[in-house]
Amino acid sequence: MPERHVSGWNLQNSYKKLSPGLFTETKPQRASGPEMVQWNKEVAESLGINKEWLQSEEGIKVLAGNQLPEGSEPIAQSYAGHQFGHFNRLGDGRAILLGEQLAVNGDRVDIQLKGAGRTPYSRGGDGRAALGPMLREYLISEAMHGLGIPTTRSLAVVETGDDIARETLLPGAILTRVAASHIRVGTFQFAATFTKPEELQALADYTIERHYPELLKEDHPYVALLRKVIEVQAGLIAKWQAVGFIHGVMNTDNMTISGETIDYGPCAFMDTYDPATVFSSIDVQGRYAYGNQPYMAGWNLARFAESLIPLLHDETEEAVKIAQEEIGEYNRIYIHKWTGEMRAKLGLFTAEESDKALIHDLLEIMKEQGADYTNTFIALTYRTLDQPAFKEWIVRWQERLKRQEGSEAEVEQLMKNHNPAVIPRNYYVEKALTAAVNKGDYHLFEKLLAVLAHPYAHTAEQEKYKEVPVQDDNYQTYCGT
Ligand code: AMP
Ligand code: MG
């Protein structure tokens with residue numbers, strides 16, 4: 001094991017052993033006047049990074065890309081991806097992978113600077129990121145972690161001191177992203193399309209060893225990899241749906257093989273329950289609307305299966321059959337996981353066939369009533385849902401609760417553990433970001449971050465965020481690229 005420096009970094013670069021086509025050595029660009037605006041104590045600790053050092057001038061230089069941490073051999077990764085259905089050759093156009101940190105618990109995690117300048121994959125872009133969207137990613141990724149949803153984490157945001165040109169001039173910033181890895185469905189698509197079969201195989205072997213070493217003992221590890229990714233992604237999307245999270249850009253380059261949520265661009269949480277909800281300004285057709293997310297994940301997984309075809313069987317016809325069989329299981333697995341999430345939200349410990357209808361009927365009433373998704377489940381949890389439209393349904397639900405063992409207190413606790421008291425609502429997120437970006441005032445941001453850290457605590461402080469202030473119906477989110 002490499003020795004830990006006073007900073008705590010002990011970076012390695014195992015990805016560089018793969019095909020040179022999969023990355024390009026690239027250094028971050030200089031930031032002219034870096035300043036730390038947020039850093040994450042919990043993440044720093046889990047990485048074994050010295051917290052005093054992180055806040056020092058040298059620490060900030062590293063987070064700004066002005067100095068490389070010990071052991072770093074920075075690269076930009078190549079990948080491809082279906083963007084809104086269209087296949088493109090892509091890559092880290094504004095992100096630099098510093099290396100892999102061996103965390104305190106032994107996990108190997110990617111450390112990436114997002115917004116660190118141009119790379120060979122930048123195409124027409126400037127490789128930079130604006131402060132607002134980087135703070136947004138920091139806030140929402142930490143909120144997702146609080147909600148118990150697999151996600152990349154955020155170590156820090158630094159302002160670069162350089163303005164970047166968007167519609168107006170905006171302050172530039174760099175987010176330090178921590179991920180199980182940045183291997184995406186699009187990485188496999190890239191390898192399958194643009195590298196040799198043995199390079200695709202090496203990528204698959206690397207992925208299995210890094211994320212799912214238990215699959216090495218399977219008779220068909222690549223089939224097992226496909227099956228595993230289908231399972232973890234079905235589980236992830238079920239959790240998104242359960243809390244009303246809308247990713248906004250579920251392109252195949254934004255879907256990880258590790259099963260972590262990645263790339264918080266135009267994402268947002270749904271207020272009023274409506275499967276057609278879309279916030280992203282670029283998603284004109286509603287491809288990635290809330291209700292479409294499970295289908296789009298299935299579509300993306302089919303692209304993953306396609307990229308694995310050369311590895312699934314020596315004969316292509318047989319390989320296609322295997323891929324289809326595995327993909328054919330996705331729906332069932334997803335429904336199973338989603339129903340499990342929804343049962344817990346309703347306080348159900350047991351499974352009955354009729355639960356599906358119970359869940360669907362509740363959602364149907366919520367849609368008709370234009371009910372707030374999160375607050376309806378909170379009202380059920382606290383037994384304060386008294387609108388006449390729900391009356392009959394509540395009787396059915398209470399009868400169902402009686403058909404299971406478990407005290408009222410146990411039911412309430414299960415519901416509290418699955419129905420967040422607070423989510424990062426657009427209204428509060430925008431207010432916090434506006435104050436931070438326009439005034440340098442992080443008061444609201446930090447308060448929101450704090451309540452979002454433990455959304456199942458149901459504290460008095462969290463009550464205040466239940467209110468859904470009247471908001472522009474055309475609320476839109478932007479990629480911030
Ligand atoms: P995203 O929407 O962040 O998933 O990015 C999609 C693709 O566009 C990726 O290949 C990014 O690296 C690239 N990209 C996004 N923003 C920029 C930028 N400012 N400069 C260069 N490339 C970018
Ligand atoms: Mg992306």
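**Asking around the magnesium ion and beyond**

Biologist: Let's start with T160: buried or exposed?
Modeller: T160 has a relative accessible area of 1%. The cut-offs are under 20% for buried, over 50% for exposed and in between for partly exposed, with a 1.4 Å probe and protein chains only. So with its 1%, T160 is buried.

Biologist: And what kind of model is this?
Modeller: Residues are numbered from 1 along each chain as its sequence is written, while chains are lettered from A and ligands numbered from 1 in the order in which they are written. Side-chain values use heavy atoms, leaving out hydrogens and water; local features need pLDDT of at least 70, side-chain atom pairs count only at pLDDT 80 or more, totals for chains, interfaces and linings use all residues, and the whole thing is a predicted model.

Biologist: Back to T160, then. Which backbone nitrogen does its side chain reach?
Modeller: T160 sits in strand β7, residues 153-165. Strands here are DSSP E runs of at least two residues and helices are H or I runs of at least four, numbered from the N terminus. A polar contact is a pair of N or O atoms within 3.5 Å; within protein, one must be able to donate a hydrogen and the other to accept it, and residues adjacent in sequence count only if both atoms are side-chain atoms. At 3.1 Å, the T160 side chain reaches the backbone nitrogen of D162.

Biologist: Now the metal. Which residues are the protein donors of the magnesium ion, ligand 2?
Modeller: A donor is an N, O or S atom within 2.8 Å of the metal (3.2 Å for Na, K and Ca), and water is not among the atoms, so the site may look incomplete. The donor atoms lie 1.9 to 2.2 Å from the ion. They are OD1 of one residue and OD of the other, from N254 and D263.

Biologist: What does UniProt list N254 and D263 for?
Modeller: Bear in mind that UniProt positions are in the numbering used here, feature names are shortened, and annotations may be inferred rather than shown by experiment. The entry is unreviewed, and for N254 and D263 it gives "binding site".

Biologist: Which backbone oxygen does the N254 side chain reach?
Modeller: N254 is in the loop between β9 (245-246) and β10 (268-269), and its 11% relative accessibility makes it buried. Contact means heavy atoms within 4.5 Å, and beyond its neighbours within four places in sequence, N254 is in contact with R184, H247, V249, I262 and D263. One of these takes part in the 3.1 Å approach by the side chain: the backbone oxygen is that of V249.

Biologist: And which side chain joins D263 in a polar contact?
Modeller: D263 lies in the loop between β9 and β10 and counts as buried at 16% relative accessibility. Not counting residues up to four places away in sequence, D263 touches K114, E137, R177, H247 and N254. The contact spans 2.8 Å, and the partner is R177.

Biologist: Where does UniProt place "active site"?
Modeller: The residue is in the loop between β9 and β10, and 6% relative accessibility makes it buried. Its contacts, leaving aside neighbours within four places in sequence, include Y79, H82, R184 and G186. The unreviewed entry puts the feature at D253.

Biologist: How many residues of helix α7 are buried?
Modeller: α7 covers residues 221-243, and its end C-alpha atoms are 33 Å apart, which agrees with the span its 23 residues should have. That expected span is 1.5 Å times one less than the number of residues. Just after α7, G244 takes a positive phi of about 80°. The helix is mostly covered, the buried count being 17 of 23.

Biologist: Last one: what phi does R123 have?
Modeller: R123 is in the loop between β6 (108-114) and α4 (131-146), and it is exposed because its relative accessible area is 55%. R123 is not a glycine, yet its phi is positive, at about 50°.
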